[in-house]
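Colleague: I've just opened this one and could use a hand reading it. Could you walk me through the strands and what packs on them?

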Amino acid sequence: MNAWWAGLAPRERVILIVGMLVLALLLIWLAIIEPLANRRASLHSEVATLSADHDWMQQVATEVRRRAAAQSGSGARAPAGNGSVLTLVEVSANASGMRTSMERIQPEGQGARIWFDSVSFDALMRWLAELEKRQGLQISQLAVDAGSEPGQVSARVLVESR
């Protein structure tokens with residue numbers, strides 16, 4: 001190797017050294033800097049999403065506190081008010097982790113129609129029971145289809161106030 005290096009002209013040595021430096025810088029960029037930059041951008045996006053969720057929760061918090069005070073003061077569950085079924089469903093779904101499984105939610109009459117795609121049947125039933133027990137809502141319609149995975153289902157639910 002030393003003999004080969006000694007046999008090169010000074011100009012060729014400079015070209016090889018510069019080429020190795022460029023190659024080393026390129027490898028450092030691709031192996032270290034680029035993945036870190038991508039991760040940073042991903043984290044910025046996640047922070048923006050979480051900030052939006054936080055802002056929404058702050059807006060809904062007063063409604064939730066008011067309902068909690070009304071429910072604990074009366075001893076019985078107060079029926080959900082006009083338009084608040086969506087709020088109760090959204091808050092409960094976010095708290096229980098069911099929001100990620102929701103395909104779509106839309107108001108219908110005095111309630112809300114919810115579509116789920118590939119959700120755990122057990123988790124769905126626990127969440128629906130919580131809606132009835134803690135939120136004072138009732139499940140008016142429920143259609144469940146078996147999913148492709150064991151224990152997974154697709155469901156359509158109509159939730160209404162009592």
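Colleague: Over how many bridges do β3 and β4 pair, and in which sense?

Modeller: This is a predicted model, so keep that in mind. To read a pairing, look at the sense of the two strands and at the bridges. Here β3 and β4 are antiparallel, with nine bridges between them. For one example, find Gln-141: Leu-158 in β4 stands opposite.

Colleague: And how many residues sit between the strands in that hairpin?

Modeller: Five, and Gly-151 in this hairpin has a positive phi near 85°.

Colleague: What about β1, which strand is joined to β1 by bridges?

Modeller: That's β2, residues 111–120, running antiparallel to β1 with six bridges.

Colleague: What is the order of the strands in the whole sheet?

Modeller: You get β1-β2-β4-β3, an open sheet of four strands with antiparallel pairing. At the edges are β1 (102–108) and β3 (137–146), each pairing on one side only. From one strand to the next, the twist averages 15°.

Colleague: Now the helices. Which strands does α3 lie across?

Modeller: For a helix on a sheet, check which strands are involved, then compare directions. Helix α3, residues 84–96, lies across β1, β2, β3 and β4 (152–161), and runs at about 160° to β1. Helix α4, residues 121–134, packs on the sheet too, touching β1, β2, β3 and β4. The direction of α4 makes about 155° with that of β2.

Terms used: Residues numbered from 1 in each chain as written. Predicted model: local features only at pLDDT ≥ 70, side-chain atom pairs only at ≥ 80, totals over all residues. Heavy atoms only, no water. Pairing = 2+ DSSP bridges. Axes fitted to C-alpha atoms, helices over the stretch in contact; angles between N-to-C directions. Contact = heavy atoms within 4.5 Å.
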